[in-house]
Amino acid sequence: MKIISSIEELRDQLRGQLRTAFVPTMGNLHEGHLSLMRLARRHGDPVVASIFVNRLQFGPNEDFEKYPRTFQADVEKLEKEGVYVLFAPTEKDLYPEPQEYRVQPPNDLGDILEGEFRPGFFNGVSTVVLKLFSCVQPKVAVFGKKDYQQLMIIRNMAKQFALPTEIIAAETFRADDGLALSSRNGYLSSTERAEAPSLYQVLNQVADQVRSGRTDISEIENQAMQSLSKRQWQADYVAVRKRVDLQAPSEEDLANKEALVVLSAAKLGNTRLIDNLEI
C-alpha cells in the first residue's frame, strides 16, 4: 500500500485509473470502516482510502483536538484489506490556504436534525468531501448509512454538481448487541458501553409502533425521548422522517406507506452517539 500526502503525487499515482473506488475516513478505523473497504472493492479497482481529521466540520466546543488518531494501527488494517493507496494529507496539504470557498447544503436538509444541533457541520463535511473527490477523482465512493443525513447530503451534492462519482451506501455495521460501530464508542466507560445498545432498541420500538399503524408520530417521538431520559441519556432528537428528503411525514404519506426512517442523536455521559433505522 502506498501512503501519499500530497495532492500532486496522488494524482500522478492514480493517472489513467478509470474505476477507482474511494472510501474517505477520519481514521481510528474499526470493523465498520473495513467493511466499507470490502464493499468498495466489489464496485471498483483500485481501492483508495483517505484519513483526514477535518477541522472544518468541528464546532468550537467539539472534540477536534481529542479526536482519536491511531495512524499506525489504521495503516496495518488497511494493508490487510489490500487497499492500494492511502491518501493521508496534512492540513497544509489539503488546505494550503484558508478554505474560503465552501459548499452550503440547502437549509431544508442541512439545517435540520444533525444540522440543527451542529451548526456548520454539513458545510464542513460537504466542502472536504468535494475537495477529496477532486483529488482522487473516483468512479465510486462508499459512505455508511449510520451517518444517514450525511449520506443523503453527499449523494445530492454529487448529483447537483454532476460529479462523475457514484455514491454507494453501506449498511450500518453493528456489534453483536446492536450498537452501531463508531470511533466515538471508544469514549464510553464500561458501564456506558453496556447501556449504549439501548439507543438502537429504542429505535426498534419506534419502528415497530409505526409499522403497527400508529399515526401519532409526535407522540411516538416524545415517548422515545422520555424513554431515553429515564435511562440517563440526553437526547437531542428522535425523529421519524421520510427517507426521500428527511422531512416529517404527513398523514397522507403515512396512509400511502411512504418509506420512512427513524433517526436519533443522544448523549450518554459525555459521548454523543447517533443511529438510525429504516422503517
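His33 counts as buried, because its relative accessibility is 13%; buried means under 20% relative accessible area, with a 1.4 Å probe and protein chains only. Before I go on, this is a predicted model, where local features need pLDDT of at least 70, side-chain atom pairs count only at pLDDT 80 or more, and totals for chains, interfaces and linings use all residues. Residues are numbered from 1 along each chain as its sequence is written, and side-chain values use heavy atoms, with hydrogens and water left out.

His33 sits in helix α2, residues 31–43, helices being DSSP runs of H or I with at least four residues and strands runs of E with at least two, numbered from the N terminus. Leaving aside residues up to four places away in sequence, His33 touches Thr25, Gly27, Asn28 and Ser183, where contact means heavy atoms within 4.5 Å.

Next, the "binding site" feature, which the unreviewed UniProt entry puts at Gln57 and Gln150. These span 94 residues in sequence, but no two of their C-alpha atoms are more than 11.7 Å apart, so they gather at one spot. Gln57 lies in the loop between β3 (47–51) and α3 (71–80), and counts as buried at 10% relative accessibility. Its contacts, again not counting residues up to four places away in sequence, include Arg118, Phe121 and Val125.

Technical notes:
Buried means under 20% relative accessible area, exposed over 50%, partly exposed in between (1.4 Å probe, protein chains only). UniProt positions are given in the numbering used here, feature names are shortened, and annotations may be inferred rather than shown by experiment.
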